[in-house]
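Reader: I'd like to learn how to read the features of a fold from its coordinates. Can we go through one together?

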Amino acid sequence: MKKIVSLSIIALFVSGCHFARKTPDSDEMFTKAAALKRLAATVESAVQYGDVPPQLQNAELLALATEHNPKLLDGFAPYTLKAKNSNKHSSVLMCDPEGKHALIEDSGCTGQVDVLHWQQAPLPPCEFTLQLESVCD
């Protein structure tokens with residue numbers, strides 16, 4: 001009987017460790033948030049004042065917005081970055097390396113980082129949540 005109880009406890013412990021996800025490191029995420037804030041402001045500026053087609057999104061939008069300073073993208077490897085362009089406003093979303101879970105989301109029109117998704121449990125999917133029309137106007 002003791003053997004069965006011991007094996008059950010071990011099985012629960014091992015399965016718990018197997019399914020537990022590693023939470024993002026706070027220091028790293030706050031550093032990434034500051035860098036994402038700068039990147040989001042750059043994208044917002046390009047969308048507001050440049051000749052950016054409304055259909056331009058994600059990697060193409062990031063490349064166009066940072067063509068004057070591509071180093072703005074350097075600190076984000078291996079994370080997944082997405083950029084959204086809507087009605088002359090924009091937002092940038094940083095997700096985990098697999099592109100499954102959102103970590104940080106920021107519009108370029110506010111003074112602070114808008115959403116620290118990495119602090120939520122469970123982590124939300126890698127999808128934009130900000131309604132730019134209400135955040136930016």
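Predicted model: local features only at pLDDT ≥ 70, side-chain atom pairs only at ≥ 80, totals over all residues.

Reader: Over how many bridges do strand 2 and strand 3 pair?

Author: Two strands pair if DSSP finds at least two bridges between them. Here strand 2 (residues 89-95) and strand 3 are antiparallel and share five bridges. Helices (H or I, at least four residues) and strands (E, at least two) are DSSP runs, numbered from the N terminus.

Reader: In what order do the three strands sit in the sheet?

Author: The order is 1-2-3, in an open sheet with antiparallel pairing. Strand 1 (80-86) and strand 3 are at the edges with a single partner strand each, so one side of each has no neighbour in the sheet. On average, neighbouring strands are turned by 15° against each other, direction ignored. Axes are lines fitted to C-alpha atoms, for helices over the stretch in contact, and angles run from 0 to 180 degrees between N-to-C directions.

Reader: Which strands does helix 2 lie across?

Author: Contact means heavy atoms within 4.5 Å. Helix 2 lies across strand 1, strand 2 and strand 3, and runs at about 150° to strand 2. Helix 3 (residues 58-65) lies across strand 1 and strand 2, at about 80° to strand 1.

Reader: Now the rings. Why is the pair of Phe30 and Trp118 called edge-to-face?

Author: A pair of aromatic rings is described by the distance of the centres and the angle of the planes. Rings of Phe, Tyr and Trp (its six-membered ring) pair if their centres lie within 6.5 Å; planes under 30 degrees apart count as stacked, over 60 as edge-to-face and the rest as tilted. A search of the whole structure gives one aromatic pair. The ring centres of Phe30 and Trp118 are 5.4 Å apart with planes at 85°, so the pair is edge-to-face. Phe30 belongs to helix 2 (residues 26-49) and Trp118 to the loop between strand 3 (102-107) and helix 4 (132-136), 88 residues apart.

Reader: Is Trp118 buried or exposed?

Author: Buried means under 20% relative accessible area, exposed over 50%, partly exposed in between (1.4 Å probe, protein chains only). Trp118 is buried at 9%, while Phe30 is partly exposed at 45%.

Key: Residues numbered from 1 in each chain as written. Heavy atoms only, no water.
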